[in-house]
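Here's a quick briefing on aromatic ring pairs and the overall build of one protein model. Have a look at the fold before reading on.

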Amino acid sequence: MLIDLDVAPPAPERLARARRPGRYALLAVAVLVLALMTGSSAPGRLGGVTEVLSLPASGVSTSLLTEQALYLVRADGGVEAHPLCPGCPSWTSRATPGQRLTVAAGDTLVIDGSEAAVATFLDARTGALRWRLRDSPIIDILGTRVLGWSLDNHELHVHDLGTGRKLWSRPAPAYTGDGAYVAILDGRGGASVVSAADGHEVTARRDLGLSRVAGQLLGDQLIVFGADFIAGFRRDGLRREWLTRGIASYQVSRCGDGLLCAVGVDGLTVLDPADGSVRWTGPNWRVVRPGGVVGEESDRWAQVDLATGRVLRELGPAAPIGGLRLSPEPGRTTVIGLADGRVRGTLPLVLPDACGAAGPYLGCETPDVNYVVWRMP
């Protein structure tokens, strides 16, 4: 995760999905009109889809579906775990409300993204409070460590996930890290690399020769990018390996078979991380997901060969949810397997952006403000 005051960082990919009531209302009205025009009625279930849970979603700020439970955070600070199997988590607790909900290390429920800049850490099995982290509007979880960043003094502070014990801290106008290392960008065109475990310096500060940079630590490379360039540096020693001009990116990640995907104002650019050469560009693609799934702002989704950019399959207007594609139709939603294109079943009308998948389960917020979980065949 990157924090930078000059270049807007990419929004973290959320396991929890915040509600989108305005968009939901527009979709519901549009589909209702279409249903009335075509005389459609709600269909029966197909393919053995089974409803396993239905709960009121009013006042829910964020939710998370796992293979064991549905977790809800309500705007008043209430946190709930609703079990999906015998012996699975079932409890209620309290936390500072936030817009992001994550399970870390298998047993810690993390609630962050709050207006109060407070992150709450609960035992995912019992709901018991473990600790709170204050003055950290943005946090990152790297294995069993929590990286917090203070807005007031631009200090990076690292804590133990289980106990909250502070492990180390350093000034950091911007940073990016993985499980083993953290690269600190000092805002003056320089960077250094430290150990994520204890903060000791691995590579001393080095001038990168570029200004106003953001960065992403990806394996043994530090990728830095700005208004019109993207460059690759060796993590060890921070020696520049290549510089490619003419690319304005705000998000960079590994994709496909070891390639580099840069998303920016000019769409998607796929590069070879060895020398920075451009493999192909897709001006219309604004989102990249695992499996070569890409999306446009116009709600067109497709599966592409990331090595060449060739479209392998059109996926329609609905974003994939896990291994499924949800297709809203008059009065219903058809669920289609992403891998084989086969219909898995039908559901009531739902908005794909208000859905999440985990294992055999699909959970969605419905237009009547409920959260429903189905077991898919």
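Is F121 buried or exposed? At 0% relative accessibility, F121 counts as buried (under 20% relative accessible area, with exposed over 50% and partly exposed in between, using a 1.4 Å probe and protein chains only). Bear in mind that this is a predicted model, where local features need pLDDT of at least 70, side-chain atom pairs count only at pLDDT 80 or more, and totals for chains, interfaces and linings use all residues. Residues are numbered from 1 along each chain as its sequence is written, and side-chain values use heavy atoms, leaving out hydrogens and water.

**Aromatic pairs**
- The count comes to 2 aromatic pairs (Phe, Tyr and six-membered Trp rings with centres within 6.5 Å; planes under 30 degrees apart are stacked, over 60 edge-to-face, the rest tilted).
- Y71 and W91 make a tilted pair, 6.0 Å centre to centre with 45° between the planes.
- That pair ties strand β3 (residues 69-74) to strand β5 (residues 91-94), with Y71 and W91 20 residues apart.
- Y71 is buried at 3% relative accessibility, and W91 is buried at 8%.
- F121 and W131 are stacked, because their ring centres sit 4.0 Å apart and their planes are at 0°.
- Here F121 lies in strand β8 (residues 119-123) and W131 in strand β9 (residues 129-133), 10 residues apart.
- W131 counts as buried too, at 7% relative accessibility.

**Whole protein**
- There are 1 helix and 36 strands (DSSP runs numbered from the N terminus: H or I of at least four residues, E of at least two).
- Of the 377 residues, 51% are buried.
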